[in-house]
Amino acid sequence: MLTDSKVIFVTGTDTGVGKTVLSLMLMHLFILKGMNPFYIKPVQTGCIDPCDRDSDALFIYNNIDRLRDRDPAESVPYCFKAPKAPFFAARDENCSVDFNIIKFFVEDKKKEFSPVICEAAGGVMVPVNENMNVIDMIKPLKASVVIAARAGLGTINHTLLTLEALKKREVPVSGVFFMDSLNEKNVCSRLIDENIAAVKKNSDVEIVEVMKNVTDFKNPAPF
C-alpha cells in the first residue's frame with residue numbers, strides 16, 4: 001500500500017509523461033489523509049535554478065498551500081541548466097551527481113515528513129552518473145515505486161519494458177498510472193481500457209489506474 005511507504009519513487013515510461021502532475025496528486029492525496037508528505041526532485045535538469053519557471057519543484061510549491069511560502073530549493077539537491085539526462089547535464093557544468101548526497105537528503109527529510117515523494121528525471125534507464133541509472137536509486141532509498149505512463153497509443157510497449165526492467169532488478173512496483181491529461185490525439189476510453197488490460201495481463205502490478213485531466217492543480221478532484 002502506498003500509505004505504508006516512507007518513500008515513494010515516481011518514475012515514468014518516458015520524459016514528459018506526467019510525473020510531476022502525478023507527484024502533485026500524490027501530495028494532495030496524502031494531505032487529505034491527514035499525513036505530512038514532502039516533495040523532492042533529486043536531480044532537476046533544464047532549469048537555471050529551483051525557482052526557474054520550468055522547475056518541477058516550483059510547480060509543486062505553487063499548488064500546495066503548505067509549501068507556498070517555502071523555498072523550492074529545499075526540494076532540489078541538484079539543478080542543472082541543460083535539458084538533458086542528469087549525467088550529461090552535470091558533465092556540461094564540470095560536475096557530477098553524488099548519490100550519497102541524494103540519499104542523505106532523503107533520509108534527512110524522512111525525519112520530519114512522511115511520505116517523501118521523489119520524482120525521478122526521465123525514465124528508469126536514464127543515466128544519473130557514470131555508475132548509476134535512475135533505476136539504481138530505488139533500492140538504496142528503500143522506496144515504493146509508482147509509474148507514470150502515457151494513456152494513448154504506444155504505451156503498452158513502453159510500460160511493459162519499464163516493468164520488465166524493474167522486475168529484473170527485483171524492484172516491486174506499487175502502481176501504474178496512465179496519465180490521461182496530456183491532450184494526446186486519438187485517445188479514447190476504449191483504447192485506455194485496452195492498454196490497462198494489456199498491462200494487467202502481462203505484469204503482476206495490482207494497481208493500474210487512469211489519472212484524468214486535472215483542471216485545478218490547487219484543488220484537484222480526489223482520485
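Helices (H or I, at least four residues) and strands (E, at least two) are DSSP runs, numbered from the N terminus. The structure above is a predicted model, where local features need pLDDT of at least 70, side-chain atom pairs count only at pLDDT 80 or more, and totals for chains, interfaces and linings use all residues. Residues are numbered from 1 along each chain as its sequence is written, and side-chain values use heavy atoms, with hydrogens and water left out.

**Exercise 1. Find the place of Glu 74 and list what Glu 74 touches.**

Step 1. Look in the loop between helix H2 (56-63) and strand S4 (78-80), and you will find Glu 74 there.

Step 2. Next, check the surface. Glu 74 has a relative accessible area of 25%, so this residue is partly exposed (buried means under 20% relative accessible area, exposed over 50%, partly exposed in between, with a 1.4 Å probe and protein chains only).

Step 3. Now collect the contacts, meaning heavy atoms within 4.5 Å. Leaving aside residues up to four places away in sequence, Glu 74 touches Phe 38, Tyr 61, Phe 105 and Lys 109.

**Exercise 2. Work out the order of the strands in the open sheet.**

Step 1. Recall that strands of a sheet pair through backbone hydrogen bonds, either parallel or antiparallel. Here, two strands pair if DSSP finds at least two bridges between them.

Step 2. Begin at strand S5 (residues 116-123), where 8 of 8 residues are buried. Strand S1 (residues 7-12) pairs with S5 in the parallel sense over 5 bridges, and Val 10 has Glu 119 as its bridge partner.

Step 3. S5 also runs parallel to strand S2 (residues 38-40), joined by 3 bridges. Phe 38 stands opposite Val 116 there.

Step 4. Then try strand S7 (residues 173-180), which pairs with S8 in the parallel sense over 6 bridges. Phe 177 has Glu 209 in S8 as its bridge partner.

**Exercise 3. Describe how helix H5 meets helix H6.**

Step 1. The axes of H5 (residues 155-168) and H6 (residues 189-201) come within 10 Å and cross at roughly 25°. Axes are lines fitted to C-alpha atoms, for helices over the stretch in contact, and angles run from 0 to 180 degrees between N-to-C directions.

Step 2. H5 and H6 are therefore roughly parallel to each other (angles under 35 degrees count as roughly parallel, over 145 as roughly antiparallel, 65 to 115 as roughly perpendicular and the rest as oblique).

Step 3. On the H5 side, the meeting residues are Thr 155, Ile 156, Thr 159, Leu 160 and Leu 163, and on the H6 side they are Asn 195, Ala 198 and Val 199.
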